[in-house]
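I set out to record what I looked up in this model, entry by entry.

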Amino acid sequence: MTRNKTLETILVLVLALMVFYRTTNNSYFFLSAMILGFIGLFIPSLAEKVHVVWMKLAEGLGFVTSKIILTLIFFIILVPISFLFKAFGKNSVQTKAGNNSYFKERNFTYTPESLDNVW
């Protein structure tokens with residue numbers, strides 16, 4: 001871990017605590033910001049531990065948040081679109097009535113030219 005990354009993390013945390021102090025006028029946020037800033041400048045080993053804990057917390061939050069966002073997108077966007085397609089009778093799978101399979105029979109003889117530019 002580089003010293004710069006550790007200092008960046010400490011600076012972000014100090015700035016966040018200062019913003020909380022300015023919005024709430026709670027002196028504990030100011031005191032916490034000063035202590036964290038002191039640790040970042042003068043106690044590198046402890047600052048590195050704060051950085052590691054913060055990164056683990058960020059990783060966990062990222063994991064949970066991504067699942068929440070993807071779930072919301074699914075239920076807010078995709079499920080209503082699915083219901084609209086069903087309501088208006090749109091069949092995007094292109095199956096014929098009475099068929100239980102999606103297989104389409106294709107009678108085609110492959111030649112060497114068929115495999116040029118497959119995509």
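Entry 1: I looked up Asn-25 and found it exposed, with a relative accessible area of 62%. I use buried for under 20% relative accessible area, exposed for over 50% and partly exposed for values in between, with a 1.4 Å probe and protein chains only. Asn-25 sits in the loop between α1 (3–24) and α2 (27–42). Its phi is near 55 degrees, a positive value in a residue other than glycine.

**Entry 2: basis of the values.** I note that the model is predicted, that local features need pLDDT of at least 70 and side-chain atom pairs pLDDT 80 or more, and that totals for chains, interfaces and linings use all residues. Residues are numbered from 1 along each chain as its sequence is written, and side-chain values use heavy atoms, with hydrogens and water left out.

Entry 3: I turned to Asn-117, which lies in the segment after α3. Phi of Asn-117 is near 50 degrees, again positive in a residue other than glycine. I found Asn-117 exposed, at a relative accessible area of 76%.

**Entry 4: secondary structure.** I counted three helices and zero strands, in the order α-α-α along the sequence. Helices (H or I, at least four residues) and strands (E, at least two) are DSSP runs, numbered from the N terminus.

**Entry 5: helix α3.** I traced α3 over residues 44–87, which is 44 residues. From first to last C-alpha, α3 reaches 63 Å, close to the 64 Å expected at 1.5 Å a residue; the expected span is 1.5 Å times one less than the number of residues. A kink of about 30 degrees is centred on Phe-74, the bend being the angle between axes fitted to the seven residues ending there and the seven starting there. Just after α3, Gly-89 has a positive phi of about 75 degrees.

**Entry 6: the UniProt record.** I checked the unreviewed UniProt entry, which places "transmembrane region" at residues 28–47 and 67–88; such annotations may be inferred rather than shown by experiment. Residues 28–47 are 95% helix and 0% strand, with end C-alpha atoms 20 Å apart. Residues 67–88 are 95% helix and 0% strand, with end C-alpha atoms 31 Å apart.

**Entry 7: whole-protein totals.** I recorded that buried residues make up 10% of the 119 residues. Of the contacts (heavy atoms within 4.5 Å) with a separation of 6 or more, 49% join residues 24 or more positions apart.
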